[in-house]
Amino acid sequence: MKTYRVAVVGAMGAVGTEMIKTLEQRAYPVSELVPLDIPANEGKTVKWKGQDVKVRVAKEGAFAGVDVALFSAGADASLALAPIAAREGAIVVDNSSAWRMDPAVPLVVPEVNPEALDAHKGIIANPNCSTIQMLVALKPIHDAYRIQRIVVSTYQAISGTGAAAIAELGAQARAWVSGGKIENSVYPRQILFNVLPHIDVFLENDYTKEEMKMVHETHKIMDPNIQVNPTAVRIPVFRGHSESINIQTEKAFSVAQVRALLEKAPGVKVMDDPSKLVYPTPLDADGKDEVYVGRLRADPTVPNGLNLWVVSDNLRKGAALNAVQIAETLVSRGLLGK
Ligand SMILES: NC(=O)c1ccc[n+]([C@@H]2O[C@H](COP(=O)([O-])OP(=O)(O)OC[C@H]3O[C@@H](n4cnc5c(N)ncnc54)[C@H](OP(=O)(O)O)[C@@H]3O)[C@@H](O)[C@H]2O)c1
C-alpha cells in the first residue's frame, strides 16, 4: 500500500492532539508523522504508535516532502503557512476559518460533498464544527424532501475554544470547590455554571461570527437556497456540541420515513426512544465518531416541520475526524501523490 508523509500543524493543541490520535486509530497510511508547532514547543514530543516523536517548528521549508498537512493552529497561522505548505508540495487540510469562504478552496464534509475535493488547488478547508454535525444529519433529509429553512440553536462545548478554555473551566471548577476566587480570561464571563449566548465576535448585523459561519458554510457545502437562522451558545461541557434543529421542507414526509433515512445515513446514529429515556447527550458522543440524532418529532406549527436534537464530539467529527476523512477521501479519489 502507498504511504504518505503527514504533517500536523498545531500538533500540541486540542485538535492537533486529536488528529494524531485519529490518524493512528483509523490506520491512515502514514510513512512518517511530522508534528509541527510554534518555536516554544520545538523538541517537545507527541505520542505516535507508542513512540515519542519530536515536534518541529512550522515554518518555510518544513513541508518539503510532505504529502498532506493537517492544519489546526488558528486562522493567522493558516493564512501565513498554508500557501507555503501548498507551494512546497503538500495538500493542506485546514481546520481554521481562514480559507473556508475562498471560492477557490473546497469546503468539504465527506458524507455531504466529497466531489468538491476534485477541484482543489492545494488547500482544502474543514468546515466549522457546528456546521459539520448539522449537515451530516440534514443531508439525507435535504436529498429526499428539500429543506427550505433551518432554525438552529447550538449548545457548544468549551473544547471548541481550544486547550486554554479546557484549562479555564477546570480551574474555575477547582476554585469553586475550594472556595477560591473564580477567574476568567478566555471567556468574557465565568463559564462554570453559566451559559453564554456569544461565540466568536459580534458582527454589524448583531449575529456572531460563529452564527454567520453556519449560514455561509451551509450555503457553500449543501445548498445556497436554504434559509438558515442560527443562535450559537457556549455551555460548560468539556466535549461534545449539541444542537436543537428545526427544519421546514418543500415535500411532505412522515417522521417514520425520516427516521428510516437517518438509520441508514453514513456517519449518523439514531438514538431516539423517549419511552426508554434514550436520547443523545455530549457524554454519549465523547470520543466517538458518529453524529447522534434524537428527539425526532413533527413540528405541528408549520407545514412539513421537523425537530431534531443532534449531538457530536466537536474534537472528532467537528474537527480531527472530518480532516482525516478528507485525507482518506483524497486517497480513495486518487488525488494524493499524483
Ligand atoms: N477545538 C475545536 O473543536 C475546533 C473545531 C473546529 C475547528 N477548530 C479550529 O482549529 C484550530 C485549532 O484549534 P484548537 O482548539 O486545537 O486550538 P489550541 O488548543 O489553542 O491549539 C492550537 C495549537 O497551534 C499552535 N500554534 C499557534 N500558532 C502557530 C503557528 N504559527 N504555527 C504552528 N503552531 C501554532 C498553538 O500553540 P500555542 O497555544 O502555544 O500558541 C497550539 O499548540 C483553530 O483554528 C480552531 O478554530 C477547532
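Me: What are the ground rules for numbering and confidence?
Reply: Residues are numbered from 1 along each chain as its sequence is written, and side-chain values use heavy atoms, without hydrogens and water. The model is predicted, so to speak: local features need pLDDT of at least 70, side-chain atom pairs count only at pLDDT 80 or more, and totals for chains, interfaces and linings use all residues.Me: Which residues come nearest to the ligand?
Reply: Of the 26 residues around the ligand, the nearest are Ala-14, Val-15, Asp-37, Ser-159 and Ala-163. Being near takes a heavy atom within 4 Å.

Me: Which polar backbone atom is 2.8 Å from an oxygen atom of the ligand?
Reply: One that belongs to Val-15. Another ligand oxygen distance, 3.0 Å, is to an N or O atom in the Asp-37 side chain. A ligand nitrogen is 3.5 Å from a polar backbone atom of Gly-160.

Me: How much of the ligand's accessible area does the protein cover?
Reply: The protein covers 73% of the 890 Å² that the ligand has on its own, by the Shrake-Rupley method with a 1.4 Å probe.

Me: How does the shell divide into nonpolar, polar and charged?
Reply: There are 13 nonpolar residues, twelve polar and one charged. Ala, Val, Leu, Ile, Met, Phe, Trp, Tyr, Cys and Pro count as nonpolar, Asp, Glu, Lys and Arg as charged, and the others, Gly among them, as polar.

Me: Which domains supply it?
Reply: Domain 1 (4-127 + 319-332) and domain 2 (131-313) each give at least three residues to the shell; the bounds come from an automatic or database domain assignment.

Me: Changing topic, what is phi at Lys-49?
Reply: Phi of Lys-49 is near 50°, a positive value in a residue other than glycine. Most residues other than glycine have a negative phi.

Me: And Asp-200, positive or negative?
Reply: Asp-200 has a positive phi, about 65°, and is not a glycine either.

Methods
A polar contact is a pair of N or O atoms within 3.5 Å; within protein, one must be able to donate a hydrogen and the other to accept it, and residues adjacent in sequence count only if both atoms are side-chain atoms.
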